[in-house]
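Please examine the structure shown here together with its sequence. The report that follows describes how its parts are arranged.

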Amino acid sequence: MVLTPYFSSQVIPRKEGVLEYRQETISGFSCRISPGRLKRCIDQPQFDLPSGEKCPFCRETVFHETPEFPGGGRVTRGESVTFPNLYPFARWHTVTVITHEHLPATFSRSQVTDAVLAATDLLSDREGYSSLNWNYLPSAGASVVHPHLQALCDDRPSFVQGIYLSGAKEYYRRNGRRYADCIKQWEQSSPRYLFGEEVFWSAQPVPLGEREIRAILPVSHPSEFGPYAELFVSGLLRIIRLYRELGTYAFNMSLIFDKKPSSPSFNAFCSVISRINPNRSSTSDSAFMERIHREPVILTLPEDIGPYLKDSMSVPDW
Ligand SMILES: [Zn+2]
């Protein structure tokens with residue numbers, strides 16, 4: 001067992017290759033790393049989704065077929081259009097369509113910066129625990145291909161948000177230092193460090209998903225995010241390009257904030273994970289909530305299952 005200040009690791013040499021168990025100290029999250037399994041090549045070559053399709057988020061329809069805010073209207077910034085989610089699973093739940101184009105080949109910095117700022121400006125005025133999220137492509141759980149962000153704000157944090165908020169608080173209480181500052185110091189000289197100082201990008205040692213990359217921001221709340229938006233988006237686009245060079249196009253992203261500005265203990269952070277490429281049957285029922293926030297969004301009321309089973313008793317067994 002190798003002990004490091006922020007995660008533990010147990011490496012088991014096997015004839016098929018190394019198997020490693022890792023656990024992150026602050027969160028208790030664990031994973032198994034088994035590079036030999038890459039040889040199975042389960043990822044799919046990028047499947048060309050039909051680019052000529054239209055959807056409610058396309059420019060011709062977005063102002064007619066999407067909901068408006070209670071006072072009326074939608075928020076536009078550059079190419080982006082923001083409106084309430086038609087099927088919300090949070091107290092505040094908006095959708096921000098990023099591009100005019102239904103399936104753009106690439107994203108420009110201004111397209112994504114405008115979208116991110118439109119969503120976080122609205123979050124700035126909300127009371128509660130916020131996050132900004134992106135499911136890109138159906139295999140990452142996006143129900144609409146047209147690129148869009150989702151901003152959430154709730155009275156309570158998501159599971160992962162709560163774990164890191166309370167962990168950072170406790171770390172500060174015990175050590176008199178921010179956990180994020182220690183991570184930056186430790187990771188700077190590790191092979192996981194990627195780039196950036198003010199917005200610090202590195203590979204997460206105990207990943208929540210494939211090729212998880214995290215960014216640590218010098219702010220805690222959406223109201224403080226604006227001055228760093230462009231720098232953040234440049235880094236995010238660099239990660240998206242890196243994923244594409246590695247052969248994956250689909251990803252989930254969550255940018256997780258604290259409830260209050262100027263938190264003494266917590267730095268907002270972004271997690272990005274790569275997902276299997278879209279293939280002919282790859283619409284996924286797991287998205288950022290399931291994969292990054294570790295809080296599944298459930299559609300079926302558990303109390304409905306018993307009555308359904310009883311009602312279906314008349315159906316003969318297989
Ligand atoms: Zn569209």
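The sections below treat the sheet, the helices beside it and the nonpolar cores of this predicted model.

## The sheet

Strands of a sheet pair through backbone hydrogen bonds, either parallel or antiparallel. Here, an open sheet is built from 10 strands with antiparallel pairing, in the order 5-6-7-9-8-13-14-12-11-10. Strand 5 (75-77) and strand 10 (193-195) each have a single partner strand, so one side of each is left without a neighbour in the sheet. On average, neighbouring strands are turned by 20 degrees against each other, direction ignored.

One pairing may be followed in detail. Strand 6 (residues 80-84) and strand 7 (residues 92-97) run antiparallel and are joined by four bridges. Threonine 82 has threonine 96, in strand 7, as its bridge partner.

## Helices on the sheet

Helix 3 (residues 159-175) lies across strand 8, strand 12, strand 13 and strand 14, and runs at about 130 degrees to strand 8. Helix 4 (residues 179-188) also packs on the sheet, where helix 4 touches strand 10, strand 11 (200-203) and strand 12. The direction of helix 4 makes about 65 degrees with that of strand 11.

## The nonpolar cores

The largest nonpolar core has 45 residues, of which Trp134, Trp201, Phe232, Met253 and Leu255 touch the most other members. Among the elements that give two or more residues to this core are helix 2 (109-124), strand 8 (129-136) and helix 5 (229-245). Helix 5 supplies the largest share, eight residues.

Leaving aside neighbours within four places in sequence, tryptophan 201 is in contact with residues including Tyr193, Phe195, Ile213, Phe232 and Val272. A second, separate core contains 24 residues, among them Tyr6, Phe29, Tyr164 and Tyr179.

Conventions: Residues are numbered from 1 along each chain as its sequence is written. This is a predicted model: local features need pLDDT of at least 70, side-chain atom pairs count only at pLDDT 80 or more; totals for chains, interfaces and linings use all residues. Side-chain values use heavy atoms; hydrogens and water are left out. A nonpolar core is a set of buried Ala, Val, Leu, Ile, Met, Phe, Trp, Tyr and Cys residues joined through side-chain atoms within 4.5 Å. Buried means under 20% relative accessible area, exposed over 50%, partly exposed in between (1.4 Å probe, protein chains only). Contact means heavy atoms within 4.5 Å. Two strands pair if DSSP finds at least two bridges between them. Axes are lines fitted to C-alpha atoms, for helices over the stretch in contact, and angles run from 0 to 180 degrees between N-to-C directions.
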